[in-house]
Amino acid sequence: MVTTALILLPVAGALVVAVLPLSRTGTAGLAFLVALLEVALWIAAASNFDFDDGSLQLGTSREWVESLGISYSVGLYGFSLWLTGAAVVVFAAAIGYALWVGRDRPRAYHALMLFLTGAVVATFAAQDLVLFYVSFEAMLIPLYVLVGVWGGTRRQAATLTFVVYTMVGSLLMLASVVAFGVTQGTFSLVESGTSDNVWIFLGFAAAFAVKAPLFPLHGWLPLAYREAPVEVAAVLSAIVSKTAIYGFLRIGLPKFPEPVDDLTGVVLVLSAAGLVYGSLLAFRAPDLRGIVAYSSLAQMGLITLGVFAVNDLGLDGAVLQSVNHALVSASMFLLVGMVEHRCGTGELDALGGMARGRPVLATMLLVTGMMALAVPGSATFAGEFLIMTGVYGEGWGYATIVALGIVLAAMYTLRLISAVLHVRPGPTVSEDALDLRSVELALVVPMVACLLVLSAWPALVSQSSFPGDAPAQTIAEGFR
Amino acid sequence: MIETPKVDWLALAPTLALLGGSGVALLAAVLVPSWMRKSVAAGIALAGFALAAVLAGVVFSESATPQALIAESIVRDRLAALAQAVLAVIGGVVVLVSWAERRRESAEYFALLAAAGAGMVFFVSAENLMTLFLGLEWLSLCLYVLVAIDSERETSLEAALKYLVVGAFGSSILLFGSALVFGATGELGFGAIAEAGAGDDAFLVAGLAMIVAGLAFKVSAAPFHMWTPDVYEGAPTSVTAFMSAATKTAAMVVTLRILVSAFPEESEIWTIAVAVIACVSLAWGNLAALAQRDLKRLLAYSSISHAGFMLIAIAAGTERSGEALLYYLVPYSAMSVGAFAVVAARERELGRPALLEDLARFGWERPLYGAAMWTFMLGFAGFPLTGGFFGKLFVFSAAYDAGDWWLVVVGVLATMVSIAYYLNVVRWMYMRSGREMRLVPAGGAPPRDSALGAAVAACAAVTVGSFFAAQPLLDWAADASASLPF
């Protein structure tokens, strides 16, 4: 029941926000309140969650279309609980940011954001293929409008490429959903067995690879992340990308063991290529958003390496790193937004010297940056180390590339930090540009605090993501 | 005492309700003073459609086993009853859409609408080749006049003439095909034709091909669709809404019925033929829609492509395909009537045909119509949270189940293309900045039209509702589909 409430609360909130004729601030404030309630609800769900029990928890299952075996079936496993947690926290921060900057047409904007929250949670909780597809697609509708209406000057091109890429992937997945469900006689993920059809797997993989995005299907990424409103970019890179990881963990690996076995090499090579390529582009990007966007591509490659290592360390690391990256990337994007808000640009050439007289901004950016570059002792370091050791089982070359990725991450993150904070003051940085306000701080600090908790205790996520802390076995048994 | 044949009045009741409504509305044209003529005629037509819908519902619940009636010329079964209910509801909504339209012959318009509805309701219960042709001509004649009813507009007349010529051509092909089938089997009734089972008789196959072609004209499937964009563009928009939903529903149901019940032996031939027509419609409709600027032409090509999706279901040729088709028709009809109704609303504001760019900022100016149009476009494109999604899912499942995986691939590719132009409409409504839009001629505040608003809201509710309540609809569709001998 709690899972259903987690899905319905933001959707109901979206309807209320869309209809109630409140003032600008009232609308946005109400939306923020709903987002905070959602976080509280998630905490309640997590406190009721039994991490030793391997079965589906807090779930609901009702018949939807009986003759085809379609059901409304939701529930959480350990890893989906953590992904959902990251999602609700990031959404609360993003909606709070939108409240702070005061987006135009607040009723439409906040209704869409809350609807997106519900769709994302539903995706993480879906235990039925049709329901999964429905939620996966339902995410696209608000994203399309959020980028297309509130985005930057090239927003229409951004939405076009974004929609073309995602829809091609999604519709291939629809064909696979139909083929898998009809062959199995049920669309339920809990009841269905495995399939050895490579084509069906490829349909799913296409959708996930576009959503993540994985190299070389990331063509929509730079434009979408640059043109989207900054908090929407945060949600895209932090949360929406993780639905792909969820898809691989819940559908890709357990339902298609043989195709995964055959194609592991290809996916690993592509992920490794994405890791290096994304890192290099992030190092060369001329603007803040470019750096964060391409680093996101690199991180998704890294996480996929962990997933497709298909062993205990890799899978644990992938979940931990998904949560880490969600928090790091959202904090980073929001900080980038705050810098852009002050200077009117994200071009590195025009920035610089912001540390002087702005200690809070400098501290926040530095702490988040340290997390992003996986300084030893941080949660991200734990995640990347797990992935590295996990993927070592597939070949030492991959582990070397992961290590290289960590070095490159240090390079591009430090470049970002020094370009904003140090060197001489850039032409757009005025003396009057304020330090971070307490409201802005209140948006970023909770996420950074979560990261610090995870740094102290990464096992909180990594050991409770799969029952008995035996992810490879759980996945091989198809979550039964 | 003269012995009369037993007539099952209940089975005829939906048809008679509409015919009665039509007659009374026509009387209103003469007897009612002009200032209230339109409202009275519209009210009568609405009552007729509502009564027909209720009666069709009664027939549906009372007809668990199919019965051939009146010398086996029509049939009383759940397939017909369900289609009749859908048609009557479409007609009722179209009455609401056209409620506030001003025209000289307003009472005649509503009388013709009810008469066309009666023809369709009769058409879907046809059980032999004679009644099939009779029903087809009945509905077509009413539609020819309806298309031409704005006789002061040249485009309306042009569209009617085109429709008349092409429609007559289609009808005559159907008639010739019927003659060939009769020649080959000596039978007119669908069941009797199936039993006569002439097998690979060349006459029968040629007749079958011509019947399929004749019906393909009515469902506007490519390559028999040439009239569709012109007629949809030229006809009064409310008539276009009626044609795009009701004519297609009626013709699809009849196509399914005649193929399954009269030609089961030849199913290997017609499944391939229908699959080819489906693919051509999908390709042609979607690609041509990409190039359209006129909204009604765009929706016309979209309706051609949807004929393709529905024909995929028929091509599967299993019981599940009947369910999928009948389900698909419900959200499709709602989306189609709704979308044309929104176009009608915009046209009334502008006083001229609406182009794509006339929708600039429309979504922000008119939130209800904008949100509804958004729903319809996403529904056409098969997005979740609309019945269009389940329609596509069921159709693809039926095709995959029947082993036609390549039809699924074609359908998915077609959907990819279709998203481009459906989302383009959304883009125009919401995402164009003020600089890009041409200023709309100022005509003061647009007239309030609560009937039209109610119609659009109802269509949006059905579009979304058919997603969440897919199971009951599918149950009805399964009941209806079970009355055919798959």
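These legends walk through several close-up views of a predicted model. Local features here need pLDDT of at least 70 and side-chain atom pairs count only at pLDDT 80 or more, while totals for chains, interfaces and linings use all residues. Residues are numbered from 1 along each chain as its sequence is written, with chains lettered from A and ligands numbered from 1 in the order in which they are written.

**View 1. Chain A as a whole has 18 helices and two strands.** Helices (H or I, at least four residues) and strands (E, at least two) are DSSP runs, numbered from the N terminus. Chain A has a radius of gyration of 21 Å, close to the 23 Å from the globule rule for 480 residues, so it is as compact as a globular protein of that length. That radius is taken over C-alpha atoms, and the rule is 2.2 Å times the number of residues to the power 0.38. Some 63% of the 480 residues of chain A count as buried. Buried means 20 or more other C-beta atoms within 10 Å of a residue's own, exposed means 12 or fewer, and partly exposed is in between, with C-beta atoms placed from the backbone.

**View 2. Chain B brings 19 helices and two strands.** For chain B the radius of gyration is 21 Å, close to the globule-rule value of 23 Å for 486 residues, so chain B is as compact as a globular protein of that length. Its C-alpha atoms fill a box of roughly 70 × 60 × 40 Å along the principal axes. Of the 486 residues in chain B, 62% count as buried.

**View 3. Here chain A and chain B touch, with 24 residues from chain B and 24 residues from chain A.** Two residues are in contact if their C-beta atoms, placed from the backbone, lie within 7 Å. On the chain B side, helix 16 (387-401), helix 17 (405-430) and helix 19 (470-481) each supply at least two residues. Helix 17 of chain B gives the most, with ten residues. By class, the chain B side has 19 nonpolar, three polar and two charged residues. Ala, Val, Leu, Ile, Met, Phe, Trp, Tyr, Cys and Pro count as nonpolar, Asp, Glu, Lys and Arg as charged, and the others, Gly among them, as polar.

**View 4. Helix 12 (residues 312-343) and helix 14 (residues 379-392) of chain A have axes that come within 8 Å and cross at roughly 150°.** Helix 12 of chain A is therefore roughly antiparallel to helix 14 of chain A. Angles under 35 degrees count as roughly parallel, over 145 as roughly antiparallel, 65 to 115 as roughly perpendicular and the rest as oblique. Axes are lines fitted to C-alpha atoms, for helices over the stretch in contact, and angles run from 0 to 180 degrees between N-to-C directions. Among the residues that meet are A:Leu313 and A:Val328 in helix 12 of chain A, and A:Ala379 and A:Ile387 in helix 14 of chain A.

**View 5. A cis peptide bond runs from A:Ala212 to A:Pro213, with omega near -10°.** Look for A:Pro213 in the loop between helix 7 (198-211) and helix 8 (221-227) of chain A. Chain B has a cis bond joining B:Ala222 and B:Pro223, with omega about 0°.

**View 6. A:Leu58 has a positive phi, near 55°, though it isn't a glycine.** You'll find A:Leu58 in strand 1 (residues 57-65) of chain A. A:Leu58 counts as buried because it has 21 C-beta neighbours inside 10 Å.
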